[in-house]
Amino acid sequence: RHVVPVAQCCARAHEHAFAAAFLRRLCTRHPQLRSQRPVARALIRAHTNNGDWRRAVDAAEDFVEQGGTLDAGMARLLISAAGRGGDWSLALGLLQDAERRNEVDGACYEATIRALLRSRRKAEVVELMTRLKSSRVTLSQTARSILKQFFSSSESSEMQLVQGALEPEHLGRREQRSATSRKFGV
């Protein structure tokens, strides 16, 4: 009952290694904790923040083996961890798994895009942007800016694709309201 709050306190104090070790030890002593979503999420987050993406993936696999299912937040953490570790193909695979389970959100796509951009995987970003263009996924303003900057020196066809996927009809409701408010001074 107090496991997750203790791990969260450690994380707030930037003691990610301690939080990860604490949760690992606890899960070793009490294996039933591995199947609890809040504990699994805290363990994945602790490993991700500690820069140990392989252990984050192992914790997720443990959780799934115990009968759990990954939600969009856990998928995002794992995609971010894989991206930080330089494993863009794992990040892309994790996104595809999340899509199959319908447990994906804009943050999952953004984490995957960041992983691909870190590894300079332009073709994969273009392919992902093609998929995004036909979906209703919302990207943050920061992600859109990063993409525009990355593709600013690209061929015009790539830039057009990225621009098309980043146009206002692909913004979320809140961002549409903000754009409308700015336009009309409301």
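The expected span of a helix is 1.5 Å times one less than its number of residues. The model I am reading is a predicted one.

**Entry 1: length of α7.** I looked up helix α7, which covers residues 106-118 and has 13 residues. From its first C-alpha to its last I read 18 Å, close to the 18 Å expected at 1.5 Å a residue.

**Entry 2: cover of α7.** Is α7 mostly covered or mostly uncovered? I find that 10 of its 13 residues are buried, and I note α7 as mostly covered. The buried residues include Tyr-109, Ile-113, Leu-116 and Leu-117. Glu-110 and Thr-112 are also on the buried list, as is Gly-106. I then checked what covers the buried residues of α7, and found α5, α6 (88-100), α8 (122-133) and α9 (141-151) among the elements there.

**Entry 3: after α7.** I noted Arg-120, which follows α7 and has a positive phi, near 60 degrees.

**Entry 4: α4 against α5.** I turned to helix α4 (residues 53-65) and helix α5 (residues 72-84). Their axes come within 8 Å and cross at roughly 150 degrees. Angles over 145 degrees count as roughly antiparallel, so I record α4 as roughly antiparallel to α5. I put the crossing of α4 and α5 down as left-handed.

**Entry 5: residues between α4 and α5.** Which residues of α4 meet α5? I list Trp-53, Ala-56, Val-57, Ala-60 and Phe-63 from α4, and they meet Met-74, Leu-78, Ala-81 and Ala-82 in α5. Sorted by class, this contact has nine nonpolar residues, with no polar and no charged ones.

Methods
Residues are numbered from 1 along each chain as its sequence is written. This is a predicted model: local features need pLDDT of at least 70, side-chain atom pairs count only at pLDDT 80 or more; totals for chains, interfaces and linings use all residues. Side-chain values use heavy atoms; hydrogens and water are left out. Axes are lines fitted to C-alpha atoms, for helices over the stretch in contact, and angles run from 0 to 180 degrees between N-to-C directions. Helices (H or I, at least four residues) and strands (E, at least two) are DSSP runs, numbered from the N terminus. Angles under 35 degrees count as roughly parallel, over 145 as roughly antiparallel, 65 to 115 as roughly perpendicular and the rest as oblique. A crossing is left-handed if the near helix is turned anticlockwise from the far one by less than a right angle, and right-handed if clockwise. Contact means heavy atoms within 4.5 Å. Ala, Val, Leu, Ile, Met, Phe, Trp, Tyr, Cys and Pro count as nonpolar, Asp, Glu, Lys and Arg as charged, and the others, Gly among them, as polar. Buried means under 20% relative accessible area, exposed over 50%, partly exposed in between (1.4 Å probe, protein chains only).
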